[in-house]
Amino acid sequence: MNEQSNEATWHVDHRCTNCDVARQLAPELVAEVAGRSSVIRQPRTDAEEKMLYAAAFACPTRSIRHGARGPRPERDPFPLRLTDQVYLCGHNSPHTAGANSYLLRRPAGNLMMIDTPRWSSALATKCAALGAITDVLLTHRDHAAHGRAYADRFGARLWIHEGDLAAAPDADSVLRGAEPIEIADGVTAHPLPGHTEGSVLYLADETYCFSGDSFYWSRTDGDVAVAESVTWHSVAELAASLARTAPRMRFEWLLPGHGDRRQLSADEFARRMRDLVARTAELSPCPIDFTAVRW
């Protein structure tokens, strides 16, 4: 179905990097075929058409095409509400390896941005229309590319851990050490070195876990997973970080930078995180290999 030019046909062009973003947003319509995403059938309903538009506007390489054209701007659904408190920003950036980013609404009405989409003044305006964005929280160095631009646009504080400070040396707030710290009412930063030296996850209201690239929901495994084949710093340190941090966390939504999102009960996530700690402790260092990630 790829590379067709029929005006009514959705397809994925040759620029696809197999990042999984489109498959998260349109799982019944987009699948991995021969090492990249492919539209496996055309939408049959308006709801399915909306899924493909979301995939198109999230795709970091703009590879989801409708005929010879990109998607119509008026069909852009982002920021896309996931819950009453969380929005998915979409417009994933090639400079963050196509990472997902989020907006978190706080009880006072302000919002926090966790990691960043590609820089877009139009998207920034749409995000700002939801309320004052007071903080841009970076989970680690790989997702820092647009942090300063969004922080300056919103007049927000830019956060990063000292372990990854080289990626955002002009950050306004620097997290230090390995102990959790409450950075706002109900929002705690948990340093989680492993994927990178300065990786952090952000936990909000014992409900939302923004895990960066430390762990994610794998559709293949049907479980929480770590991406050991793209752990840049140390898989042994990641195992130690999870062993230290998992017992301190309760959450009902897993919202990662890469990989799928998932909602479960807090007790179920606690059980699965205990199992993940045990599995990760058994891992050995391996060569970096993006193709080995179990999406």
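**Rings, a strand and a cavity**

W10 is buried, and so is Y53. Keep in mind that this model is predicted. Start with these two residues and look at their rings.

W10 and Y53 form an aromatic pair. Now find where the two residues sit. W10 belongs to strand β1, residues 10-12, while Y53 belongs to helix α2, residues 46-58, so the pair ties together parts that are 43 residues apart in sequence.

Next, turn to F251 and F269. Their ring centres lie 4.6 Å apart with the planes at 35 degrees, so this pair is tilted. F251 is in the loop between α5 (235-245) and β18 (253-256), and F269 is in helix α6 (residues 266-281), so the pair ties together parts that are 18 residues apart in sequence. F251 is buried, and F269 is buried too.

How many aromatic pairs does a search of the whole structure find? It finds six. Aromatic rings can also form a cluster: W119, Y150 and F154 make up one.

Now follow the chain from the loop of F251 into strand β18. In a regular strand, side chains alternate between the two faces of the sheet. Look for this in β18. W253 and L255 point one way, and L254 and P256 point the other way. Are these four side chains buried or exposed? All are buried.

Strand β18 has partners. One of them is β15, residues 208-212, and the two strands pair in the parallel sense. Four bridges join β15 and β18. Within this part of the structure, G212 has P256 of β18 as its bridge partner.

Another partner is β19, residues 262-263. Here the strands run antiparallel, with two bridges between β18 and β19. W253 has Q263 in β19 as its bridge partner. The two strands form a hairpin with five residues between them. In this hairpin, G259 takes a positive phi near 90 degrees.

The structure holds one cavity of 30 Å³ or more. The largest cavity has about 80 Å³ of space. Its lining has 13 residues, and C16, C19, A22, S37 and C59 lie nearest the centre. What kinds of residue make up this lining? Seven are nonpolar, five are polar and one is charged.

Terms used:
Residues numbered from 1 in each chain as written. Predicted model: local features only at pLDDT ≥ 70, side-chain atom pairs only at ≥ 80, totals over all residues. Heavy atoms only, no water. 1 Å grid on protein atoms, 1.4 Å probe; cavity = no way out; pocket = protein on both sides within 12 Å on 5 of 7 lines; lining within 4 Å. Points joined across faces, edges and corners; volume = space filled by probe spheres on them. Nonpolar A, V, L, I, M, F, W, Y, C, P; charged D, E, K, R; others polar. Phe/Tyr/Trp six-rings, centres within 6.5 Å; stacked < 30°, edge-to-face > 60°. Buried < 20%, exposed > 50% of the residue type's maximum accessible area, 1.4 Å probe, protein only. Pairing = 2+ DSSP bridges.
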